[in-house]
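Here are a few exercises to work through with the structure open beside you. Try each task before reading its solution.

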Amino acid sequence: MLGFLSARQAGLDDPLRLRRAESTRRVLTLQLNQDRDVDRIHGNGINTLDIEVIEGRYMLSGGADGVIVIYDLENSSRKPQYTCKAVCTVGRSSRYVHKFSVETVQWYPHDTGMFVSSSFDKTMKVWDTETLKPAEVFHFEGNVYCHHMSPIARKHSLIAVGSKDPKVQLCDLKSGARIHVLQGHRGEVLSVRWSPRYEHILATASSDSRVRFWDVRKASGSLFTLDQHNGDKSKAASESANTAHNGRVNGLCFTGDGLYLLTTGTDDRMRLWNSSTGENTLVNYGKVANESRKGLKFAVSRGCSPEFAFVPCGSSVAVYALHTGELVTMLRGHYNNVDCCEFHPDYQDLYSGGKDCNILAWVPTPRKPDIEDEERGGKGEAQAAQNPAFEDAWSSSSDED
Amino acid sequence: MDHAQREKLSELMEELTTSGEPQLNAEKMKEMKKLCKVSNDYIEYAYHLIMTQLAQEHAEIRLSALQVAEQLFSRSHRFRELLVSSLQEFLELTVETNADRPLPPPREVAHKLKTLAIRTVQAWQAIYGQAYKKLALGYHFLKQVKKVDFNDVQVRTLAERKRQEEKEKRLERFYKEKVTKAVQEMEEASLDIEQCLTEVENCVQLLAPHPTDFNLGDLEPASASQTPTSASTGQHGRSPALEDEQPCCSRDLEDKRPAGMRVVEEEEDEEEEESETEEVSEEEAFIRSSGLMSHGYTLELDISTDVRVKETEENEAVVTTMKDLQRLISTKHLPAVQSWVQVFTKAGGNEALLRRALDLKSALEGALQRHKELHIDYKRREQQVMKAGADEEEDDDLEEVPEKEGFEPHIPDHLREEYGLEPAASSSSFSSSSVQPVRPAPWAPAPSRRREYDEEQDPTCAAATLRILKQRLPSAPPTRISQTAGSAVEPQGGEGVQNEERDKAPVIPFGLDLYYWGQEQPTAGKIIKYSSQHQFWVPNEVEEEVENPELTAQVKSRYITFAGRFQPVTHKCRAPMPSGTLCERQDRVKCPFHGLIVPRDDKGIPLNPEDTEKEKKRHEEDQPDWRDPELMRDIEAATGEDLGSSKTFGKGRKGSKGKGKGKKKYPNLTDLKQSTNTSRSRLERKVFNKSAMRRVTEAMNRMDRRKHEKFANQFNYALN
């Protein structure tokens, strides 16, 4: 650390280098922190989380009971102990609340005054954050599994919607209408993602085990389909040609720079694809348990030198090194299946929500005092003095016999 | 970490967790704590041991492991850290958070384990919840997701509670239905019941008015209240109405003393009167006027409500009604009312209905009670019924006799004279009169002999016909003889002897031999064989008679099997058993386990020395010298083959070998396999045995194949 600092002072290093090193270290020390709590509002499982990118302060959560909550993540109390307060809630008592489970929530990428939620009640609602009333409601024929707005789009304001219907719908916020349909999938669309690099590029994953790339300007069809065998006909059975997984593909995530795409499927595999060529990079992540019948929301870190993927895996969150496929650690804290996780790029915090109604905050442990500090006062003792619960309590009577 | 210490730790853990007891052994626990205290390494090791024990599929092991964990948790920070880090598994294994992994049997212990685990988590949360985040999370998870009510002693999961609620709801609905049904029934039946009750009341009034109905308060003669029905009561003296006719004081006195005493007293009274006529004092006057010796008498009026009603012709109708009503109440109304009461009490709530039903019930029971108190004497009627039955039986006997021409089996008593027959012996012995018509004349009593003879000369009277009949039939039918044998030998011996004899005589089923008793049957045992059934064509020998000696014998003889009388075995085998008791088997000659039964003393040792020797010899045969158990075991251990040593000699050394066998590894734990070792499972093992199944299928296949071979050329069998 000191080396990095001095090199930065001397101007030898790129400023990015120090930042990357520190954030990587922080990600590697992610831990369940007892100082950070998130209010328990949801009475049911939590399906989706989203942190806005403008300030990085507010987090949206959607629950299986249709409730949407906005949390304030900022700790302004200047104390380590902090509970993320729920700023406002679209509760069951609200007139506009979703009838069924909310599957996806997303902030409007350019302003916190608006967010979009889609639900199993076959609607997608565009909310005004100020009044907590829907400004626009889109109705669909089937359950809506997911939707996504391009985080970088300047020329369009399209929301891609994946539903039970194999056609991917494009809704325009400008006109408030469903303007376009992307045909090609043969199963329900479980996940849609806009590329963070090219605003017209869209990736969709479906239960027909295919992942398609689209250019929304091109009307005729998809750009290409991801093939797990990279076109090697000899390895692929005829029906598994051009498939990304052997089961349903239920999770999609671009890396921060948009160069790679990570997909998960119910064949308990996770694959990393080159998003420009559609080539399978053949990184082996091992078995990634995945039983979700709905879309799976997972996250990829940003700003670390080897990037990390945070994937819900049963009742824990698995942290993988993105390019090597190495399992770094398992974050265990939930008591039931984890459905979603969201990475906070500024503070390297991770938030995860699961069926046990908890939103857990995984916070990097502060750097341990250096050797010189430790000499000054034993850290362990200090901690013990701080909290009597950490002390051992061996009864003295057991000495006697 | 010292290897020996580790060994000891694991040993301790095993002993603690497999004790099968609800509480831990304090000594061992102390020892364990002492070991763990030394260093965190030991704690880590102990933690792993506990987790492995918790994963065992036995609730008792888990319970003990949980208790150990509880002990360590409260003491060591390191242990807390470790346990909290894997609290998910811990809860899964103890609180059953995962529905796919239910707690292992036995069930009661599993329930206990769950309760204890939840209490423990709650206690931990109270103390350490602040410090260990995951613990708090787990607690909240249990509380909010699994809906564990920590205040509820009966720890129930959400599903269980829901099920319970549903059950309650269903029951409630069910009861509601039942109640409405019962109310309806009650509405309909209450009129009937009330009518029935009034009828009973009236009947009782008619038969025997209740004592309270009389004016017993005043001692005036209340003969006016005497009802005609009370005259028919059995005990006149007891009837209050009759008692009133006597002076009120003396009647109680009479009741109190025995008859002899009474007479003596009366005499004394007379003597007194005679001797002391002169001195007339007040006392005497009292005595004279009242007949009592002193003023100090206390009078106890024992008015018995114990009435006995005899059925007579006069009250027959009332009694019949009464009886019908009683039957109606006891069979129909009372059960119905009882069921209503049950329904109402179970459903609860509606008290008015319940009270009404209870009132009805008590009224009905009161009616029954009153009926009982009357002690109506139905005996006469029953006797009548019985007699009628007896008559019918006798009639059956009569029918067996072939009816002869001009012979009248029934001659009414009052017409017997006219028919020229002597009167029947007595009307009471009606049962025996059925045989009389055919009784031979010479056996008849002597006095009327002469007149009888005259009568016999008159061809128009029945006696003559009878004589002719008798002459024609030299001997009476054998059945009749057997029946009237007693009277034949001793014509005037009276019915008593005859009946006695008849009682003694064995009852034999009627057979051919009796039918042809004393007659030679020419055709007996001959079978006619028709060699041809043809209409026209007839062979040379038209018919062929074959003599069958068996059939002949059958006609003439009768087999009676004499099996003797069953005598229960009173002795026991009493051979000493390995358990220390004596064999309790009661075989007649030979015990299937201990051979011939010989007399033995209290300790099961044969009394005869020869028997002892024989027994020894038999034992030696069982265990030949070369099959020395120790040697066998050694051989088995060396070769690895099972020579059957454990089978033959296993019984004796089970305790010594301890955990030699897998099954008896932890003798203190509840044996989970025991519940599966039922007669059904054992049978299943036999019946669904692979080889047995194969045998059965083979046999069935063989049968099928045979059918195929037989009917192979028929199309409808060819296909299957």
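This is a predicted model: local features need pLDDT of at least 70, side-chain atom pairs count only at pLDDT 80 or more; totals for chains, interfaces and linings use all residues.

**Exercise 1. Find out how far the model's confidence carries in chain B, and where it is lowest and highest.**

Solution. Next, take chain B by itself: its pLDDT averages 70, and 59% of its residues score at least 70. Now go down to single elements. Helix H29 (residues 654-657) of chain B has the lowest confidence, with a mean of 40, while helix H32 (residues 690-710) of chain B has the highest, at 88.

**Exercise 2. Describe the overall make-up of chain B: its helices and strands, its buried share and its contacts.**

Solution. Begin with secondary structure: chain B contains 33 helices and six strands. Then turn to burial, where 29% of the 720 residues are buried.

**Exercise 3. Decide how helices H4 and H7 of chain B are oriented to each other.**

Solution. Two packed helices are described by the angle between their axes and the distance between those axes. For helix H4 (residues 59-73) of chain B and helix H7 (residues 107-128) of chain B, the angle is about 15° and the axes lie 9 Å apart. Angles under 35 degrees count as roughly parallel, so H4(B) and H7(B) are roughly parallel to each other. Their crossing is left-handed. On the H4(B) side the contact includes B:Leu63, B:Leu66 and B:Phe73, and on the H7(B) side it includes B:Leu113, B:Leu116 and B:Trp124. Sorted by class, the contact has 12 nonpolar, two polar and four charged residues.

**Exercise 4. Work out the crossing of helices H1 and H3 of chain B, and which residues make the contact.**

Solution. First the geometry: the axes of helix H1 (residues 3-17) of chain B and helix H3 (residues 40-54) of chain B come within 10 Å and cross at roughly 35°. The crossing is right-handed. Then the residues: H1(B) contributes, among them, B:Leu9, B:Met13 and B:Glu14, and H3(B) contributes residues including B:Tyr42, B:Leu49 and B:Gln53. By class, this contact of H1(B) with H3(B) has seven nonpolar, four polar and two charged residues.

Terms used
Residues are numbered from 1 along each chain as its sequence is written. Chains are lettered from A and ligands numbered from 1 in the order in which they are written. Side-chain values use heavy atoms; hydrogens and water are left out. pLDDT is the predictor's confidence in each residue, from 0 to 100. Helices (H or I, at least four residues) and strands (E, at least two) are DSSP runs, numbered from the N terminus. Axes are lines fitted to C-alpha atoms, for helices over the stretch in contact, and angles run from 0 to 180 degrees between N-to-C directions. Angles under 35 degrees count as roughly parallel, over 145 as roughly antiparallel, 65 to 115 as roughly perpendicular and the rest as oblique. A crossing is left-handed if the near helix is turned anticlockwise from the far one by less than a right angle, and right-handed if clockwise. Contact means heavy atoms within 4.5 Å. Ala, Val, Leu, Ile, Met, Phe, Trp, Tyr, Cys and Pro count as nonpolar, Asp, Glu, Lys and Arg as charged, and the others, Gly among them, as polar. Buried means under 20% relative accessible area, exposed over 50%, partly exposed in between (1.4 Å probe, protein chains only).
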